[in-house]
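Reader: Could you take me through this one? I'd like to hear what stands behind each label you use.

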Amino acid sequence: AALSRTAEVDIKGGWKVGDPVPYAALAKTFALIEATTKRLEKTSLLTSFLLLVIRRSANGDTASLLQSVYLCINRLSPDYIGIELGIGESLLVKAIGESTGRSLATIKADLKKEGDLGLVAMNSKNSQKTLFRPKPLTVPTVFANLKEIALSAGHSSQAKKVSIITKLLAACQDSEAKYIVRSLEGKLRIGNAERTVLVALAHASVLAEMEQAGKRWKKEKLAARLEEAANVIKSVYSELPSYDLVIPALLKDGIDGLKGRCKLTPGVPLKPMLAKPTKAIGEVLDRFENKKFTCEYKYDGERAQVHKLEDGTVAVFSRNSEDMSKKYPDLVHQLPACIKESTTSFVLDAEAVAIDKDTKKLMPFQELSKRKRKDVKVEDIQVRVCLFAFDLLYLNGEPLLHKSLVERRELLREHFKPVDGEFQFAKSSDGDTTDEIQAFLEESVKDGCEGLMVKMLETEASYYEPSRRSVNWLKLKKDYLAGVGDSLDLVVVGGYYGKGKRTNVYGAFLLACYDSDSEEYQTICKIGTGFSEEMLQAHYDVLKPLELSKVRSDVKVGGAKPDVWFEPKVVWEVLTADLSLSPIYTAAQGLAGERGISLRFPRFIRVRDDKGVDEATGPEQIAEMYERQVLAQGSGGKKKRGG
Ligand code: ATP
């Protein structure tokens, strides 16, 4: 409480709460958050800021809170609308030059020294002598400008972007330029995960309610209320991940009203439920002992969340909440034939899989990945797609997340009908012995699948958990059985020049995992074998434009020494023989001891276009994999049980 009172004074500055939210207050909050590593302090600082904004909202203004929250998570819209920032270094350097009169060469030299363009922009501004103090920036102005930049496309858009950024920078004071430039780059780098923002929003809302009611709750009661509110917001947001809808409802009805008003809604994709890896069938039985479970084929395609709205609109979303309706016009077209008349609106969880036109056999993911991501014309489609539905999350106006999987599956089968080569229910078997699972696993692999998904079938344990990697869903891939382990999704952060024939491309790459708590990339291995000349050229073409003058401050490098650094944008799926402790790399440092964990004999599998860098494998998962490996090595007998 002491912290929030001093923070409030500091953040508020000369702001009269009736006035528009000054961007300076937000920049001050960011600076305070950046200066601490303690999560509780970060939450409390953000709570202080959001409370000030909520007080301002008393006059019916919802935009200020909405825009402030978007700026805190550095987004401009819900994910599925996809208005994105991520302005390249050269454009920003140009704008900094134009607004401060410094030469591009000096700015670049500073960047090489600092490794943070935000800092360079701030220092460039502060070293400038100005006669007039510019009109202070406000949150609405900054938000509107960022949105205009993100939306400008086409012919003269570069010049337009530079001009808007130049004007914005000209109006910046103190640390504002630092955060505006980082926002434009696409990452704030203050260690402010979205979870922290949600918790702060809940806390600020409770404190505002308490103020409005003129009450002062006792410490214990307040603590319980804060915790409850944070859980409510997290759960509501996971069902309806749209601040555009959640924030106005929060301001109108408070935390208690939120649950009734904000529910899963067709048209707003929710983050999918994910599975934990298992290495052996025995592990599945250990976990699900005496419980009913089902095994489903794990199809090797692309996750597709299919929504049908009451007005008849059909939309297909990726696991990343990207609208894929333009990638899969054939799916959208095929769907009506699979829906029974009793079905008016729904949300399906499914896998889109490439199939052979004639034999209807499943084809591997690689076939699907040949498809363009946008503007696909039905007449140009070479590879046919069949939708394998495995879950039903919403039906005819009612969310089903809190029904058991048996019930959801029954409703799915009742309200949809399979059409050969277009729509099928995921093949499943509700067996419960090792032998049955083994036989079904082999069958799935023979039919062209990656293995099995094993899911809890009854009771609360089988409810759908959006955005969770849950123990109630286990994946059993054929690769695990060979003892190879689960694949990892890693971010390419550096490159090593090739040798011999390969001097015009990168010959090897530095990979990193992503820690969403600290928002940092932790290096994990160098990967350089298994690439064809063709692949190396393709990787070079994608990565060359992402080269940076210096390593970013949010990459925890350790002892790695690549020749070039990249903007972290590209995610690769990689397999490894095993994991080992490493004096060089930093992945999961502190979780499995002082040293980091690295991959031995990493092998490239594929580019994961469908994953953003913040969905890359995290340090906890890596530490967990390492621990399992140590355990398995220690008890060979148990490992064998699964085959
Ligand atoms: P990977 O796809 O590499 O296994 P991931 O991180 O994308 O990893 P996981 O949770 O590990 O996701 O595996 C679940 C994925 O498997 C889903 O996202 C979905 O695309 C796919 N899948 C295929 N068949 C099924 C099924 N029957 N039930 C659930 N998911 C399935």
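Author: Let's start with the labels: helices (H or I, at least four residues) and strands (E, at least two) are DSSP runs, numbered from the N terminus. The model is predicted, with local features needing pLDDT of at least 70 and side-chain atom pairs 80 or more, while totals for chains, interfaces and linings use all residues. Residues are numbered from 1 along each chain as its sequence is written.

Reader: Which element gives the largest share of the shell around the ligand?

Author: That's β2, with three residues. The shell has 15 residues, and L274, A275, E296, R303 and F390 are the closest.

Reader: What makes the span of α12 close to the one expected?

Author: The expected span is 1.5 Å times one less than the number of residues. Helix α12 (219-239) has 21 residues and reaches 31 Å between its first and last C-alpha, against 30 Å expected, so the two are close.

Reader: Why is β13 called mostly covered?

Author: A residue is buried if 20 or more other C-beta atoms lie within 10 Å of its own, C-beta atoms being placed from the backbone. Nine of the 10 residues in β13 (506-515) pass, so the strand counts as mostly covered.

Reader: How do you know that β13 and β14 pair?

Author: Pairing needs at least two bridges found by DSSP. β13 and β14 (520-527) have seven, so they pair, and they run antiparallel. Y514 sits opposite Y521, and four residues separate the two strands of this hairpin.

Conventions:
Near = placed C-beta within 6 Å. Buried ≥ 20, exposed ≤ 12 C-beta atoms within 10 Å, placed from the backbone.
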